[in-house]
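Here is a friendly walk through one protein model, meant for someone meeting it for the first time. Have a look at the picture, then read on.

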Amino acid sequence: MTAVLQDGRTREERPVLRTRQVHAVAACYFVASFAALGLPPYLTEILPALGDHGARWAGLLYIVPTVFGALGAPLWGRLADRYGRKRLLLRAQFGLALSFLLAGLADSLPAFAAALVLQGVLGGTFAASNGYLAASLDGRRLSWALTLMQGSARLALVAAPVVVGGLTPWLSPHRQYALLAVLPLAAALMLAALPEPPPTAPPAPADPEAESPPPGPLRTLYALEFTFVLATVISYPYLITLVGERLPGLGPSASGALFALPHACYLLLAKPVHTAVAHRPHLGAVTGFACVAVALAGHWGADTVASFVVLRLLLGAGMTLGLVSLSALAAEASRGRGPGRLFGSLEFISKAGAVVAGAAAAASTGLWGPAAPAVAGSAVAALTAVISTPTLLRTRWSR
């Protein structure tokens, strides 16, 4: 029997993106993310020219786009369900281009800060891309597409700071904002050729099979997303400081390689891990939390290059298991729900976790040193794994 979807079409009638189109969406996110991920590490070089000679505002401005992106994501998601996912995805790309241009042209600290606020409010390309994919894919194809999107984020996180640093002798990081504004414009041009998924119609009240899915599994997904982001991101800000303290003879390039190693693991392991956990994402998530807990705890005593490499590889395995499993759980949770609203809310949760992680990292480092954030992340991951094990293994997601 042919399944009837929430928008009234049969599964065979629903537009399905081809593999190359899914790759195009992921590539567009990678392109558009370059400035957003590559330039913030250079805020300490940008701000002195804008009047903040000690770069005292760097920490706050680093999270400004994240905070305002979190606040705007649910609204943009609801609008995408109502007015079209492709339209809102294009809006996000144009919003990034405008904010990057304004940041590159800003000649004062308030103007630059306002551009970063606009970047958060008008951006949201990750949530918009995921909502677009979820409107045309489902099941294992959707979970792999979401996994691919995470791969784009990891690749941009590794490559963008290197490219920005390479351009710095010819163009300051501040002015690179204006130059890199062409990237989301190029992404928008590529996305314009993709099909528009049909709008999701609300279920008919008289149809008992079209009732809204229960909220319990969704709350579980949100909780796992928040704690996973908190546990992993909290170790980011002060890792280079920790490595420099433990291994003073190690150069900045090697320290950067240690930082990037878990993200490189994701790029290498995502596909086989997806094959392994696609049908058992709950177990994969618990295992991922456990690996993250062990790896981050080990940072407390690591004092050799070999120990750091082993721990970063284990952290990469845990991150891959966790992120891939969360993508599979999100794909299951999207069944019967408006994808724009779901992924907008998920983006809000993720960014909220990142903001809390940044604040907790700063507070714990000030009290106990640069190893403290990693230990705090380990505690969060371990506690989540222990609490979630029985719940995750029993959970049955509504379809």
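**The model as a whole**

This is a predicted model, where local features need pLDDT of at least 70, side-chain atom pairs count only at pLDDT 80 or more, and totals for chains, interfaces and linings use all residues. Residues are numbered from 1 along each chain as its sequence is written, and side-chain values use heavy atoms, with hydrogens and water left out.

How confident is the predictor? The score to look at is pLDDT, the predictor's confidence in each residue, from 0 to 100. The protein chain has a mean pLDDT of 85, with 89% of its residues at 70 or more. Two stretches call for some care. Over residues 1-14, pLDDT stays under 50, and the model has 28 contacts there beyond four places in sequence. Over residues 201-211, pLDDT also stays under 50, this time with five contacts beyond four places in sequence. Contact here means heavy atoms within 4.5 Å.

As for the fold, the protein chain has 16 helices and zero strands. Both kinds of element are DSSP runs numbered from the N terminus: helices are H or I with at least four residues, and strands are E with at least two. Of the 399 residues in the chain, 51% are buried. Buried means under 20% relative accessible area, exposed means over 50%, and partly exposed is in between (1.4 Å probe, protein chains only). Take the contacts between residues at least 6 apart in sequence: 84% of them join residues at least 24 apart.

Two helices can be set side by side. The expected span in the table is 1.5 Å times one less than the number of residues in the helix.

| Helix | Residues in helix | First to last C-alpha | Expected span |
|---|---|---|---|
| Helix 4 | 21 residues | 30 Å | 30 Å |
| Helix 6 | 12 residues | 17 Å | 16 Å |

Helix 4 is mostly covered, with 15 of its 21 residues buried. Among the buried ones are Phe126, Asn130, Gly131 and Leu133. The cover over helix 6 includes helix 1, helix 4 (85-105), helix 7 and helix 15 (339-368).

Tyr132 counts as buried because its relative accessible area is 1%. Leaving aside neighbours within four places in sequence, Tyr132 is in contact with residues including Leu17, Val25, Arg85, Leu89 and Pro197. Tyr132 and Phe343 are 211 residues apart in sequence, yet their C-alpha atoms are 9.6 Å apart in space.

**Helix 1 meets helix 7**

How do helix 1 and helix 7 cross? The axes of helix 1 (residues 19-38) and helix 7 (residues 139-167) come within 8 Å and cross at roughly 35°. Axes are lines fitted to C-alpha atoms, for helices over the stretch in contact, with angles from 0 to 180 degrees between N-to-C directions. By class, the contact of helix 1 with helix 7 has 20 nonpolar, five polar and one charged residues. Here Ala, Val, Leu, Ile, Met, Phe, Trp, Tyr, Cys and Pro count as nonpolar, Asp, Glu, Lys and Arg as charged, and the others, Gly among them, as polar.

The contacts below do not count residues up to four places away in sequence.

Start with Ser327, found in helix 14 (residues 305-333). Ser327 is buried because its relative accessible area is 6%, and it touches Ser143, Leu146, Thr147 and Gln150.

Gly120 is in helix 5 (residues 109-122). At 5% relative accessibility, Gly120 counts as buried. Gly120 touches Pro65, Phe68 and Gly69. Gly120 and Ile63 are 57 residues apart in sequence, with 9.5 Å between their C-alpha atoms.

Where does Asp303 sit? Asp303 is in the loop between helix 13 (281-298) and helix 14. Asp303 touches Arg246, Leu247 and Phe308. The C-alpha atoms of Asp303 and Arg246 are separated by 5.3 Å, although the two residues are 57 apart along the chain.

Ser350 is buried, with a relative accessible area of 18%, and touches Glu225 and Val229.
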